Amino acid sequence: VFDIATNTPRDQFDTTVLLGGTGDLKKKLEGAGVKILLLKNSQRDIDTKKEFGLLFELIKIFKKEKPDIIHLNSSKMGFTGALAGKIAGVKKIIFTAHGWAFNENRSFFSKCFFRILHNITIMLCDNTIAVSEITKNQIGKSFRKKIVVIRNGLRDMELKNRDSAREMLHIKILQRNTKVSSLLSEKPTWIGTISELHTTKGLNYAIEAISKIKSNVIFVVMGEGEKRKELEEQIVKLGLANKVFLIGHVDMASSYLKAFNIITLSSITEALPYILLEAGYSSVPVVASDVGGIPEIIENNKT
């Protein structure tokens, strides 16, 4: 969303971003001078009352702003936004599928519900973008003709060298865990990732794997999320307080990737994750799960 909002030519497009919350995206967009509108009823989890509130909120905004194009960027917002756009008479509706909700760990009936919802979303939209071939192929054949694959890409990244990146991450580790001894002098193997602390990212599997490594390693996770408490409890239970560090949100996290000997991605579902593109740019090898669009980025046993 940030890349599109800041790279559309200003002399051809008047861009407004509608979003919920006041997190990092809002700050970055404000810093880039992009107009934003905050949605009162937008949230990640489904709440029937909030969904109807969001629908009417979007219809009101679309009728007032009169956009030529709306571009929807999440499973839930895809359906609600497309329906609101149709009701408000928006000329062009585009949906980018960054992944499908029916791939997540849900009940059978929940997966069926989301599959139907995604099919309706594609029908409501003029065009749907999938960020990987597997994402396109996971939807029914009759709907694929409305889907085009446009993979995620990177602009040039500013990378810190290994020593500088490790020193700065070491400071962040010590800020959260003052009992940890100097990791720089002990020279462990650095394993790391950038990840939401969310069920779909499979960090519990990565932490379990770290517990089985007998050599001197540390595992650093840059990112925040609702599973922090559960993951912290797992770390304590496995006796990994001096090996696994959840250091929270880090600004420009990708610039620190050269700190690591190995980058991991233990997701149970993915479309086309940025971190693996960033790892390749940083020339750091990856250990990742064989799901979604990951094999479209990683060549097994080579990268």
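How far apart are the mean positions of the positive and negative charges of the chain? Let's start there. The 44 positive and 32 negative charges have mean positions 4 Å apart. For that count, Lys and Arg are positive, Asp and Glu are negative, and His and the chain ends are left out. Each charge is placed at NZ of Lys, CZ of Arg, CG of Asp or CD of Glu.

A quick word on what we're looking at. This is a predicted model, where local features need pLDDT of at least 70 and side-chain atom pairs count only at pLDDT 80 or more, while totals for chains, interfaces and linings use all residues. Residues are numbered from 1 along each chain as its sequence is written, and side-chain values use heavy atoms, with hydrogens and water left out.

Okay, the whole chain. It has 12 helices and 11 strands; these are DSSP runs numbered from the N terminus, helices being H or I with at least four residues and strands E with at least two. The C-alpha trace spans about 65 × 45 × 40 Å along its principal axes. Of the 303 residues, 42% count as buried, meaning under 20% relative accessible area with a 1.4 Å probe, protein chains only; exposed is over 50%, and partly exposed is in between. As for contacts (heavy atoms within 4.5 Å), take those between residues at least 6 apart in sequence: 61% of them join residues at least 24 apart.

Now let's zoom in on Phe-102. You'll find Phe-102 in the loop between β4 (92-97) and α5 (108-124). Why does Phe-102 count as buried? Because its relative accessibility is 5%. Setting aside residues up to four places away in sequence, Phe-102 touches Lys-111, Phe-114, Arg-115, His-118, Gln-138 and Ile-139. From Phe-102 to Phe-113 is 11 residues in sequence, and 8.2 Å in space from C-alpha to C-alpha.

My other stop is Glu-270, in the loop between β10 (262-265) and α12 (274-281). Glu-270 has 13% relative accessibility, so this one counts as buried too. Its side chain makes polar contacts with the side chains of Lys-201, at 2.6 Å, and Ser-267, at 2.7 Å. A polar contact here is a pair of N or O atoms within 3.5 Å; within protein, one must be able to donate a hydrogen and the other to accept it, and residues adjacent in sequence count only if both atoms are side-chain atoms. Beyond four places in sequence, the contacts of Glu-270 include Lys-201, Leu-265 and Val-291, along with Gly-292, Gly-293 and Ile-294.
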